[in-house]
Amino acid sequence: MKRKHRRLTFVFLGFLLVATAAALVLTAFEDNIVFFHSPTDVVEKKLPPDRRMRIGGLVEEGSVEKNVGEARVTFRITDLANTVKVTYRGLLPDLFREGQGVVAEGRLRDGIFHADEVLAKHDENYMPPEVADALKKSGKWKHLEEALGDAGPLKGETRK
Amino acid sequence: MIPELGHFALILALSVALIQAVVPLVGAQRGDAQWMAVARPAALVQFVLVAIAFACLTQAYVTSDFSVLNVARNSHSAKPMLYKISGVWANHEGSMLLWVLILALFGSAVAAFGRNLPQALGARVLSVQAMIGIGFLAFILFTSNPFERLLVAPADGRGLNPLLQDPGLAFHPPFLYLGYVGFSMAFSFAIAALIEGRVDATWARWVRPWTLAAWSFLTVGIGLGSWWAYYELGWGGWWFWDPVENASFMPWLAGTALLHSSVVVEKRDTLKGWTVFLAIVAFSLSLLGTFLVRSGVLTSVHTFAADPARGVFILALLIIVIGGSLALFAVRAPALRAGGLFQPISREGGLLLNNLIMTTAAAAVLLGTLYPLFLDAVGGGKVSVGAPFFNAVFIPLMVPMLAAMAVGPFLAWKRGDLGGALGRLKAALMIALAVAVGTWFVVADGSVLALLGMAVAAWLFVGTASELAARVRLFRVPMAESLRRLVHLQRASWGMTIAHAGLAVTVAGMTASAAWKTESIQTMQPGDSVAVAGYTFTFRGARRAAGPNYLAIRGTFEVSEDGRALTTLYPEKRTYPVEGRPTTEAAIHSMFLGDLYAVIGDADEKGGFVTRLYFNPLLAWIWAGALIMVAGGVVSLSDRRHRIGAPARRQRAAAGGAQPAAS
């Protein structure tokens with residue numbers, strides 16, 4: 001083989017690999033991307049049922065019910081305009097608390113969100129950006145910031 | 001006084017870095033030996049100055065000097081000493097200081113050990129190192145000063161995120177940074193080579209040990225991080241395809257590719273442009289990783305308070321470093337003439353295949369990690385790209401690579417004999433099939449993919465062992481002769497064998513733990529028993545316990561197998577009063593065939609506890625394999641040919657007979 005031919009072989013093999021990878025990535029993207037929705041989206045938009053999604057907001061005060069024996073928890077996620085009922089089986093994350101930000105991943109069935117993963121923040125100064133956005137969109141951000149006052153989790157750390 | 005000293009040392013370090021960046025480079029362009037000679041002492045002085053700054057910050061942490069803002073925010077007087085020290089780098093400012101310290105350390109290592117490096121190359125390398133240093137020192141001094149004082153010192157600090165108060169995580173950042181920053185050496189050598197317009201075997205012999213060291217450190221760092229996630233987060237998993245994990249995984253993939261392509265440059269004097277490109281990519285991904293994790297665009301434990309000024313600085317730095325180096329590459333790379341020719345089926349071809357798959361994988365991870373940020377930036381909605389995506393892309397890429405990994409070392413340079421190589425892998429093929437069938441009999445419900453994973457792991461392990469056997473001509477020459485050959489094998493080829501075998505062990509662990517994990521979630525009263533994968537977990541109640549700076553509820557689980565008591569597990573749920581935060585401490589009992597894993601959750605009104613119990617088969621193999629890979633890296637690093645100044649030992653290689661050259 002001449003040098004040029006050999007190089008062409010490599011270029012061809014490289015392209016083949018990249019094309020395969022691109023095809024893999026695109027098909028995987030279509031099936032596996034998880035969209036984030038706020039409780040308002042869930043209530044107002046017709047979301048496709050049985051598609052994996054994330055919803056986020058605050059855990060509504062007084063909404064957490066633990067089903068003893070089954071290790072099942074139900075609670076409501078709110079963006080202070082609308083709420084969605086969530087059911088989850090398993091251990092809640094350490095920083096899961098009423099009134100705090102939370103993101104749940106799972107599927108919506110008959111108006112109830114069946115979560116298989118519940119994420120709370122890692123740090124009390126921190127609000128998942130998705131949750132902050134959902135609250136801003138529902139127009140309750142300011143209201144919430146006032147309600148929580150200085151001790152609230154929404155205020156960023158200010159420099160002294 | 002001492003924090004001010006640290007601050008001042010840092011400013012001096014920046015000035016020295018400015019000199020180190022400019023003078024030797026100009027000297028190298030002009031051929032002025034005296035100007036070039038500035039590089040070495042400057043690198044040493046810069047290291048000493050940064051080390052002083054780092055020591056000053058450490059002193060502030062150790063003595064709990066809360067008049068320093070950084071200490072007040074991230075430390076507490078009641079914290080154990082280990083976490084006071086690890087607190088130095090468990091925050092944005094301190095971690096950046098650690099980054100620069102390691103950068104200066106690598107620079108001074110070149111200065112100290114690089115005496116036989118061609119003077120112009122050495123000067124240029126140190127100059128490029130100093131340029132990177134300038135970027136980071138300026139970033140620290142202008143946006144993230146760790147020595148900032150408080151006018152009124154608080155009585156005590158705010159403490160450290162309890163998730164980070166853990167021995168595994170105390171050492172995770174230093175190792176990760178040793179890896180990230182280690183790639184800066186390959187990068188500096190690549191830029192220096194582009195400026196010089198020359199890449200040859202000597203250059204590759206210089207780049208390889210640095211890349212090898214960086215790769216080994218990065219492997220340890222990633223391993224520690226994933227180990228921590230496994231026992232501290234209490235989810236029973238060890239890898240979540242979380243963006244911060246991906247951020248460290250991308251440089252690893254690119255670094256692995258670089259490691260293999262630099263072999264080709266060294267042995268065959270070809271793939272030069274590609275290797276230089278990989279060096280740039282590996283370091284760019286390290287930078288991107290550092291900043292993705294630290295800048296606050298991603299959601300994780302690593303994210304510290306974000307500041308817009310920092311974001312702009314980071315973006316500018318990334319654009320200058322990545323854009324500048326790629327532009328230089330575009331201008332100068334065509335001048336790098338390719339050397340030896342080779343057939344697609346050859347050792348070079350095999351290494352190139354590794355490179356193609358590794359870079360494709362790195363690109364796929366990059367896409368999956370950045371896509372949500374991109375989509376959000378253009379207003380396309382919020383999405384998350386998680387494990388299903390990465391698994392769907394990764395498995396089809398890795399299976400052929402693992403299959404090829406057993407074959408590659410059998411191929412000769414230039415023109416390999418695929419049929420012959422496959423012929424020598426008959427044993428590996430048989431054993432791989434036997435493992436697949438055997439696994440299927442044992443677990444009864446394996447998916448095809450899981451069986452394939454186990455088979456590929458066995459294939460790689462036995463294939464690697466067969467290659468070693470072929471190299472020492474096992475059973476073909478008398479045993480004593482084989483042993484003699486084994487002892488005299490080049491360290492670098494030992495390293496390859498060990499690292500490949502380690503990967504096989506890791507793949508087996510990953511496959512088994514993902515495919516045959518048994519999980520059981522329930523509420524248990526004291527005295528209740530649950531059977532998980534043939535093990536009986538009996539809950540014996542929970543008690544209060546106290547640690548140095550936390551309170552805990554400690555559960556007791558007695559585990560038995562077929563009526564025989566096996567072990568007792570004590571999972572905890574801790575509360576850290578200073579930080580006001582709970583953490584979960586999983587209790588793990590590791591065995592050869594799998595891990596018993598218990599987590600205790602909240603109590604209910606009737607005295608029951610939510611518990612999560614797992615059996616994770618072969619899980620310890622993942623880290624055992626990672627350690628074996630690192631051992632391979634270290635053994636390869638100890639090869640005399642990598643030690644600078646050691647004469648090439650061609651005589652001994654010749655005495656070894658017509659064996660294929662070391663990788």
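Analyst: Helices here are DSSP runs (H or I) of at least four residues, numbered from the N terminus. With that settled, happy to take questions on this predicted model.

User: Which residue follows α3(B) and has a positive phi?

Analyst: Start with the helix: α3 of chain B covers residues 39–62, which is 24 residues. From first C-alpha to last, α3 of chain B reaches 34 Å, close to the 34 Å expected at 1.5 Å a residue. After α3(B) comes a residue with phi near 50°, and that residue is Ser64(B).

User: How does the radius of gyration of chain B compare with the globule rule, and what is its value?

Analyst: Chain B has 21 helices and 11 strands. For its 663 residues the globule rule gives 26 Å, and the chain comes close to that, so it is as compact as a globular protein of that length. Its C-alpha trace spans about 80 × 75 × 55 Å along the principal axes. The radius of gyration asked for is 27 Å.

User: What share of contacts in chain B between residues at least 6 apart in sequence join residues at least 24 apart?

Analyst: For background, buried residues account for 54% of the 663 residues in chain B. Turning to contacts between residues at least 6 apart in sequence, the share joining residues at least 24 apart is 75%.

User: Which helix gives the most to the side of domain 1 of chain B that touches domain 2 of chain B?

Analyst: Good one to take in steps: the domain assignment puts domain 1 of chain B at 1–162 and domain 2 at 166–381. Their C-alpha centres lie 22 Å apart, and 25 residues of domain 1 of chain B are in contact with 27 residues of domain 2 of chain B. On the domain 1 side, α5 (81–86), α6 (92–113) and α7 (119–143) of chain B each supply at least two residues. With 10 residues, the helix that gives the most is α7(B).

User: By class, how many charged residues are on the side of domain 1 of chain B that touches domain 2 of chain B?

Analyst: Nonpolar residues on that side of domain 1 of chain B number 15.

User: Where does Ala279(B) make contact, leaving aside its neighbours within four places in sequence?

Analyst: In the largest nonpolar core, of 193 residues, Ala279(B) is among those that touch the most other members, along with Val100(B), Ala186(B) and Phe189(B). Leaving aside neighbours within four places in sequence, the contacts of Ala279(B) are Ala186(B), Phe187(B), Phe189(B), Ala190(B), Val207(B) and Leu258(B).

Conventions:
Residues are numbered from 1 along each chain as its sequence is written. Chains are lettered from A and ligands numbered from 1 in the order in which they are written. This is a predicted model: local features need pLDDT of at least 70, side-chain atom pairs count only at pLDDT 80 or more; totals for chains, interfaces and linings use all residues. A nonpolar core is a set of buried Ala, Val, Leu, Ile, Met, Phe, Trp, Tyr and Cys residues joined through C-beta atoms within 7 Å. A residue is buried if 20 or more other C-beta atoms lie within 10 Å of its own, exposed if 12 or fewer, and partly exposed in between; C-beta atoms are placed from the backbone. Two residues are in contact if their C-beta atoms, placed from the backbone, lie within 7 Å. Domain bounds come from an automatic or database domain assignment. Ala, Val, Leu, Ile, Met, Phe, Trp, Tyr, Cys and Pro count as nonpolar, Asp, Glu, Lys and Arg as charged, and the others, Gly among them, as polar. The radius of gyration is taken over C-alpha atoms; the globule rule is 2.2 Å times the number of residues to the power 0.38. The expected span of a helix is 1.5 Å times one less than its number of residues.
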